[in-house]
Amino acid sequence: MIRALLEIRIIFCTLLLAGLALASEKSDRSMIIALENAWNQAQMHRDGEALNRLIGDKFVYTDWDGTLLNKAQFIADSKDPATETTMVANDGVDVYFYPGFAIVTGAYHAKGTTRGKPFDHYGRFTDTWILSSDGQWRCVASHTNLVKKPGTR
């Protein structure tokens, strides 16, 4: 687990350095998708420091059950030892650019346990990323909702 955390931090630092250079929309798209994947890893490893760097100070999160969280609440929730996330994977990710911000949509699959009870969630997400004054992409809003397991009706 320590090795995985080290790898996540190395990847995250590499992404931060890469973000300092001016980039085309194609490289910005790759950057944002990499940041989305780093976010998944940070949540799996309860890495509040990484999440703190990925999301903006006025971050707003709307969870699948309607819960609304600010940045501090979201990070605290992600670090909760009662939840162990064993997998988070995104699929069908699209990035839509506007001047200074991007909207990311996609599907996710998350598995793990909460207070000893297993969960296996399939859902959709919409994230809003802004290019901050320091040249870094930060997520300022996120919304998730559950969908039926693929292949079921």
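1. The model is predicted, with local features requiring pLDDT of at least 70 and side-chain atom pairs pLDDT 80 or more, while totals for chains, interfaces and linings use all residues. Residues are numbered from 1 along each chain as its sequence is written, and side-chain values use heavy atoms, leaving out hydrogens and water.

2. The protein has four helices and six strands, taken as DSSP runs (H or I, at least four residues; E, at least two) numbered from the N terminus. From that terminus on, the elements run α-α-α-β-β-α-β-β-β-β. Of its 153 residues, 36% count as buried, meaning under 20% relative accessible area with a 1.4 Å probe and protein chains only.

3. For helix H2, the 20 residues should span 28 Å at 1.5 Å a residue, and the end C-alpha atoms are 29 Å apart, which agrees; the expected span is 1.5 Å times one less than the number of residues. Its buried residues include Asp-28, Glu-36 and Asn-40, as well as Met-31, Leu-35 and Trp-39. After H2 comes Arg-46, with a positive phi near 50°.

4. The largest pocket holds about 850 Å³ of space, a pocket being an open set of points on a 1 Å grid over the protein atoms alone, where a 1.4 Å probe fits, with protein on both sides within 12 Å along at least five of seven lines; lining residues have an atom within 4 Å of a point. Among its 33 lining residues, Gln-43, Tyr-61, Asp-63, Trp-64 and Asp-77 are the closest to its centre.

5. Strand E5 gives the largest share of that lining, six residues.

Conventions: Grid points are joined across faces, edges and corners, and a volume is the space filled by probe spheres set on the points. Buried means under 20% relative accessible area, exposed over 50%, partly exposed in between (1.4 Å probe, protein chains only).
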